[in-house]
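Please look over the sequence and the structure shown below, keeping the charged side chains in view.

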Amino acid sequence: MDTRNNNDTFPNEFLWGAAAASYQIEGAWNADGKGLSVWDVFSQNDKNCWLGHNGNDACDHYNRYKGDVELMREIGLGAYRMSISWPRVIPDGTGTINKAGLGFYDRLVDTLLAANIEPWVTLYHWDMPYALDLKGGWLSAQSPEWFAEYTQVIVDALSDRVSHWITLNEPQCFLGLGYGNGSHAPGMKLEMGKVLQAGHNALLAHGRATQVIRARAKIPAKVGWAPVGVCYFPATDSEADRQAAYAAMSGVYADSNFNNRWWGDPVVHGQYPEEGLRAYGKSCPRVEPGDFDIIQQPIDFYGCNIYHGMAIKAGEDGRPKPVAPHHGFPHTHMLWKVSPDAMYWGTKFLYEQYQLPVYITENGISCHDWMSLDGQVHDPQRIDYMQRYLKSLKRSIDDGVDVRGYFHWSIMDNFEWAEGYKQRFGLIYVDYETQERTLKDSALYYREIIASNSVCSPSSIGNMDYITA
Ligand code: GCO
């Protein structure tokens, strides 16, 4: 049955998942032969993350993965987007493999499959081995080959069971924040030229990893990546504002690496956008002959992490002009504007730009969650947020955008990088003192969404009657 005409019902086969990342949930930072990552070193310096938090223990997922997968099964996930800790598998980043580390992912994949949950594997969600960081990390021209070697180890071990691969998570973040403003590991503050050269190496690494997967996967593989979806939307439905919003999403800005096309165009179109070459000028990276042949490996889907966006209107000259949010605008604990239009316009732009199936590889909200006296975690704002964003996503699908799936960020509360444990993004509440997990109301709501394949109105959940429009 074609469900496109039904407002809130998603296409048949739509994939409902949730995501997390190795450093943010695993803990076991030095267990069983694991090597150091740049995030171990960065967060163990108590000046770098909120209140000196670090990921040493995080959610102890390394030891508690079986219970966590059982909770994923209870929610009814079709897929779980996990990531691999590179130094857990290859402690020095290259060379000797840590079989105990690889064994964890082997067991995790088997446990997911036994729960009828499809594992989607992100190869790089920021766990650069510290040993390689000491050799330059992404600044090193060797980094693409380091990443290819690591990818081969993972593909040889897991590709008989894993069929969906994401090469890099958010190059805009790990380069802009890790090498640009220093707020993320490894904490470098480099000029744009170096950030973009590291970015070029990361794009080469994406290409090399894709080549390795295509060459060595043991079952048919689908490959994509998960950049930030940098979203703008028109302040009004005037044609001028719509064009201005598109121009903003298409733009590359001299003082920032947060954009869509500087990253997406090389991967899909095999070149940097002219607008970016002009904007970055002397800061543009050195490109060797054949680089784009490596970077532009055909991929099967375009992932995007979309959380929020900014309203844009056409200025007098028609150029994009940001519209400041009104006083008291709804915002998350991260102070991100609740802006569901970002989901519609962001997916529409990326699909039109790259003509690839789209997956929302991350979307979610950090709320002031805590355990109520009734022993439950009521998170009505996350439920409302999910309804708004998923309705916006469905609008995009109804407009013809080929969106194939949605991964909620995150399956559980976790270490939110420099924000430490201040931010709670999870569908599952984690008591970090006891490591006890509790399904939040939103997890029970997500279960209803998945079961109905629609943005249903939440029934009464827990002991709360969620009355919605
Ligand atoms: C990111 C990362 C996630 C974050 C999430 C909330 O987008 O920064 O992919 O690891 O935790 O997006 O900020």
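Is R404 buried, partly exposed or exposed? At 37% relative accessibility, R404 counts as partly exposed, because that class lies between buried, under 20% relative accessible area, and exposed, over 50%, as computed with a 1.4 Å probe on protein chains only. The side chain of R404 meets that of D402 in a salt bridge, with 2.7 Å from N to O; the term stands for a side-chain nitrogen of Lys or Arg within 4 Å of a carboxyl oxygen of Asp or Glu.

This is a predicted model, in which local features need pLDDT of at least 70 and side-chain atom pairs count only at pLDDT 80 or more, while totals for chains, interfaces and linings use all residues. Residues are numbered from 1 along each chain as its sequence is written, and side-chain values use heavy atoms, with hydrogens and water left out.

Within helix α15, which spans residues 380–398, R388 and D384 stand four residues apart, about one turn of the helix; helices here are DSSP runs of H or I with at least four residues, numbered from the N terminus. Their salt bridge brings the closest N and O atoms to 2.4 Å. R388 counts as partly exposed because its relative accessibility is 46%, and D384 falls into that class at 32%.

The pair D40 and K34 is likewise joined by a salt bridge, at 2.6 Å from N to O, and here both residues are buried. Elsewhere, a network of salt bridges links D369, D379, R382, D413, R424 and K440. Over the whole structure, the search finds 28 salt bridges.

Note on methods
Helix = DSSP H or I, 4+ residues; strand = E, 2+ residues; numbered from the N terminus.
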